[in-house]
Amino acid sequence: MHFADGTVPADYQAYTRRKYLWILGGTALLFVLFIFSISIGAVNIPAYDVLLSLANGIVDRITAFLHPGAAATVPGKWDLIIWNIRLPQALAAIVAGVGLSVAGVAMQSILRNPLGSPFTLGISNAGAFGAAVSVIVLGTGQMHSTVADAVTLNNPYLTTIVAFIFCLLATGVILLISRVRGASPEVMVLAGVALSSLFTAGTMFLQYFASDAQLAAVVFWTFGDVGRINWPELGIMSFVVVAATIFFIANRWNYNSIDAGDEAAKGLGVNVEGVRNIGMIVAALVSAVIVSFLGVIGFVGLVCPHMVRRLIGDDQRYLIPGSCVMGGVLLLASDTVARVIVAPYILPVAVLTAFMGAPVFIYLLLRGYRR
């Protein structure tokens, strides 16, 4: 918003500054929570030692890349725990939270449905069914007897591809329903419930004929948990989430136009069908990768965009990055609590997100779908 002379109104500057401050504040909170999450657990590590280990490790890796064969820093007493266990888990929580949140906010805008998310529309359960097909039918899952490495995927890439195919199938059904004249948010939610039930029934059918080892692998795998990630899988997941986030941010103006209605968006020159179809495919890809590597983590994509809307409004320029930050904070905090709430046992993070998300979902139903 500018005056004729090119200046910006003071009220609008304060309005946008407040949004930026919320996002920057959330980013700072995410960094503090990141260090705190790494420092606590079965073995408590001082925050200073965490920062020192991270700094030394980053410097060593940069030095090794620029000068191969250079002497590395002497490993610290906590480096093994930090770099092999807690750091990839914390990063996986942030990346998954960002991915699920950005997919949720995009779906809510694309479908103009305040209850849109990979979980509520059945896409996550479709991915879970695809992963179960890969594990049981194609034999990509394997059960180990150790607690630290209970389930491994022989071919995580094939599992991701199969999960993506079923996510696309569910996405196609949702898009077809959304194009039906007069399809309301209620219809969309009911369609999501139907899809979730259908794919859950398919997963149960496969489990019934699975061997004990396959059954244990699928059941354990469906518990959404960021603790099972490793560095190569984290790299794949991070690449997909970052690319998808950049795509959604690049289309922020298109989503703002669609929020005003399809006719208004078309009047502004937006290819509504193309934006909707491609956006849903990208959201399905993000959901498939996260589901295939971490299992089903519900309600993050539903809750975070609505929390951010309460703080900074519906403008996609701020809503998308704000939702990314909130998703990282929410899932990282949930994972941290899950690791300590019933110590020495470690709960899957999906348990806490379900406990938190279900009441919020009911609240959104009761308030009449208003955005």
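## A walk from cavity to salt bridges

Helix α12 (residues 300-312) supplies the largest share of the lining of the largest cavity, three residues. Helices here are DSSP runs of H or I with at least four residues, numbered from the N terminus. What you're looking at is a predicted model, where local features need pLDDT of at least 70, side-chain atom pairs count only at pLDDT 80 or more, and totals for chains, interfaces and linings use all residues. Residues are numbered from 1 along each chain as its sequence is written, and side-chain values use heavy atoms, with hydrogens and water left out.

Let's stay with that cavity for a moment. A cavity is a set of points, on a 1 Å grid over the protein atoms alone, where a 1.4 Å probe fits but cannot get out, and its lining residues have an atom within 4 Å of a point. The structure holds one cavity of 30 Å³ or more, and the space in the largest cavity comes to about 40 Å³; a volume is the space filled by probe spheres set on the grid points, which are joined across faces, edges and corners. Among the residues lining the largest cavity are L100, F119, I297 and V300. By type, the lining splits into seven nonpolar, four polar and no charged residues. Ala, Val, Leu, Ile, Met, Phe, Trp, Tyr, Cys and Pro count as nonpolar, Asp, Glu, Lys and Arg as charged, and the others, Gly among them, as polar.

Now for the charged pairs. Side chains of opposite charge can pair when their charged atoms come close. A salt bridge puts a side-chain nitrogen of Lys or Arg within 4 Å of a carboxyl oxygen of Asp or Glu, and the whole structure has five of them.

One of these joins D262 to R276, with the closest N and O atoms 3.1 Å apart. D262 sits in helix α10 (residues 262-267) and R276 in helix α11 (residues 272-294), so the pair ties together parts that are 14 residues apart in sequence. R276 is buried at 6% relative accessibility, while D262 is partly exposed at 23%; buried means under 20% relative accessible area, exposed over 50%, and partly exposed in between (1.4 Å probe, protein chains only).

R276 also forms a salt bridge with E273, at 4.0 Å between the closest N and O atoms. Those two are three residues apart in helix α11, about one turn of the helix. Put together, D262, E273 and R276 are linked in a network of salt bridges.

Definitions and conventions:
1 Å grid on protein atoms, 1.4 Å probe; cavity = no way out; pocket = protein on both sides within 12 Å on 5 of 7 lines; lining within 4 Å.
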